[in-house]
There are 2 protein chains.
Amino acid sequence: MSSLHPHAIAAQSFVLIRAGLAERGKILPEPLSAVVERIIHTTADFEFADLVATSPAAVEAGVQALQSGCVVLTDVEMVRIGINRQRLERLDGTLHCLMNDPAVLPADAAGGLTRSAQAMRLAAERGLLAGSIVAIGNAPTALEELLRLVEAGVCPALIIGVPVGFVGAAESKAALAATTTVPWLITQGRKGGSTIAVATVNALLRLAVGVGNDEL
Amino acid sequence: MSSLHPHAIAAQSFVLIRAGLAERGKILPEPLSAVVERIIHTTADFEFADLVATSPAAVEAGVQALQSGCVVLTDVEMVRIGINRQRLERLDGTLHCLMNDPAVLPADAAGGLTRSAQAMRLAAERGLLAGSIVAIGNAPTALEELLRLVEAGVCPALIIGVPVGFVGAAESKAALAATTTVPWLITQGRKGGSTIAVATVNALLRLAVGVGNDEL
């Protein structure tokens with residue numbers, strides 16, 4: 001049984017993560033390494049070191065947006081609630097998830113469009129997307145809808161597209177990775193999920209305020 | 001891009017998951033198979049078919065507790081918010097996470113005891129643990145504290161111990177798996193997390209109300 005103090009647990013965890021990455025010959029550039037370390041911390045799955053891909057300077061774009069006090073929009077409540085809201089608000093950022101907004105209908109009443117996809121459309125209507133960080137951890141359909149909005153001219157500061165799943169997830173992320181107009185971060189293939197989206201945003205927040213992964 | 005209806009996405013996903021399990025020669029008994037399928041659905045990681053372990057009839061114990069209208073207690077808010085609350089409340093169950101309760105102090109003010117560990121102690125004091133399902137997706141320290149409470153005589157209906165991490169997680173789950181007085185479900189080793197805890201509880205809820213994995 002561990003009787004370590006939380007500070008010591010965090011520090012020791014990142015010693016093990018960095019050793020694991022080094023063993024696997026994974027040398028990632030900063031600041032991307034800080035994001036990948038946190039994703040591995042939240043999954044204990046070193047495969048993510050191979051799966052994470054970004055457009056050039058995407059991490060930097062996310063950090064800069066946070067330092068300017070941007071909107072962070074999530075596809076689902078599990079992502080929203082995991083984000084370090086205190087740290088975000090200290091940077092004058094705001095946190096939104098519209099999936100349970102009264103304007104969002106059951107999929108059957110919206111021509112089969114999922115609630116999280118409708119929420120993306122609603123966010124565009126409300127002007128929340130321009131300059132924002134959009135974190136999609138669950139719903140490929142939300143990412144697909146967001147890409148339609150980007151094609152129509154909407155321009156977030158960064159899209160974190162890490163939905164998980166067997167139908168549509170890998171394809172939606174590949175489509176995001178083909179985008180040249182908006183910075184992006186993805187996990188290639190089927191793997192991803194809410195915890196990966198949360199870890200990514202929280203890693204960007206740490207970079208934005210200058211708190212290392214091995215600090216609390 | 002997928003333009004499938006949500007019903008079709010769910011059904012097709014579980015066709016692929018069952019095919020993937022069969023390819024790997026993984027034949028799991030019901031009702032455990034329904035839980036493992038949902039964990040793979042939420043992670044796209046077939047390794048969980050090898051990592052999930054339970055005490056005898058643990059899934060059945062969880063389903064029975066839910067059908068009797070039990071308390072579900074989670075270690076963190078991310079697990080709480082992912083659980084299908086409507087389905088739980090239709091069975092007269094209640095959902096709790098005490099980590100942000102005013103009685104829970106910062107770890108530094110509580111002798112280094114983490115907030116989620118303090119929340120377990122508080123749940124015991126409030127009589128929430130007896131006959132409950134406790135779902136721990138994040139904090140090994142919460143599971144360690146819960147095991148101390150079990151040794152002291154507290155008796156949940158089921159402990160879902162799936163914390164993730166590099167320090168303490170595997171050890172805390174091994175300690176749970178040595179328990180003979182309370183039914184348990186774990187993911188062996190470092191892997192686990194909030195989404196795995198959520199998938200497990202939601203799989204039990206589906207079993208409790210008779211809704212298959214490929215239905216919405």
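**Entry 1: a lysine in a loop**

I began with K191(B), which counts as buried at 9% relative accessibility (buried means under 20% relative accessible area, exposed over 50%, and partly exposed in between, with a 1.4 Å probe and protein chains only). The model is predicted, so I noted that local features need pLDDT of at least 70, that side-chain atom pairs count only at pLDDT 80 or more, and that totals for chains, interfaces and linings use all residues. Residues are numbered from 1 along each chain as its sequence is written, chains are lettered from A and ligands numbered from 1 in the order in which they are written, and side-chain values use heavy atoms, with hydrogens and water left out.

I located K191(B) in the loop between β6 (184-187) and α10 of chain B, where helices (H or I, at least four residues) and strands (E, at least two) are DSSP runs, numbered from the N terminus. Which residues does K191(B) touch, not counting residues up to four places away in sequence? From chain A I listed T43(A), A44(A), D45(A) and K191(A), and from chain B I listed D45(B), E47(B), F48(B), L51(B), P163(B), V164(B) and K173(B); contact here means heavy atoms within 4.5 Å.

**Entry 2: how the two chains are related**

I then looked up the superposition of chain A on chain B, which takes a rotation of 180 degrees with 0.0 Å of shift along its axis and gives an RMSD of 0.0 Å (by least squares on the C-alpha atoms of residues with pLDDT of at least 70 in both copies). That is the relation of a two-fold axis, and in chain A the C-alpha nearest this axis belongs to M78(A), at 2.7 Å from it. I also noted that 100% of the interface residues of chain A are interface residues in chain B too, so the copies meet through the same surface.

I found E37(A) in helix α2 (residues 32-43) of chain A, and with 9% relative accessibility it counts as buried. The side chains of E37(A) and R18(A) are joined by a polar contact of 3.1 Å (a pair of N or O atoms within 3.5 Å; within protein, one must be able to donate a hydrogen and the other to accept it, and residues adjacent in sequence count only if both atoms are side-chain atoms). Not counting residues up to four places away in sequence, E37(A) touches F14(A), I17(A), R18(A), L21(A) and N213(A).

**Entry 3: two helix pairs**

I compared how helices pack, using axes that are lines fitted to C-alpha atoms, for helices over the stretch in contact, with angles that run from 0 to 180 degrees between N-to-C directions. In chain B, helix α4 (residues 58-67) and helix α10 (residues 194-209) pack at an angle of about 65 degrees, with their axes 9 Å apart. That makes α4(B) roughly perpendicular to α10(B), since angles under 35 degrees count as roughly parallel, over 145 as roughly antiparallel, 65 to 115 as roughly perpendicular and the rest as oblique. The crossing of α4(B) and α10(B) is right-handed (a crossing is left-handed if the near helix is turned anticlockwise from the far one by less than a right angle, and right-handed if clockwise). Here V59(B), G62(B), V63(B), L66(B) and Q67(B) of α4(B) meet L204(B), L205(B), L207(B) and A208(B) of α10(B).

In chain A, α8(A) packs with helix α9 (residues 169-177) at an angle of about 25 degrees, with their axes 9 Å apart, and the two are therefore roughly parallel to each other. The crossing of α8(A) and α9(A) is left-handed, and the residues that meet include L143(A) and L147(A) in α8(A) and S172(A) and L176(A) in α9(A).

**Entry 4: a covered helix**

How many of the ten residues of helix α4 (residues 58-67) of chain A are buried? I found seven, namely A58(A), V59(A), A61(A), G62(A), V63(A), A65(A) and L66(A). Just after α4(A), G69(A) takes a positive phi of about 75 degrees.

**Entry 5: backbone notes**

I kept in mind that most residues other than glycine have a negative phi, and most peptide bonds are trans. The bond from E30(A) to P31(A) is cis, with omega near 0 degrees, and P31(A) lies in the loop between α1 (6-23) and α2 of chain A. D92(B), a residue other than glycine, has a positive phi near 65 degrees; I placed D92(B) in the loop between α6 (85-90) and β3 (94-96) of chain B, where it counts as exposed at 63% relative accessibility.
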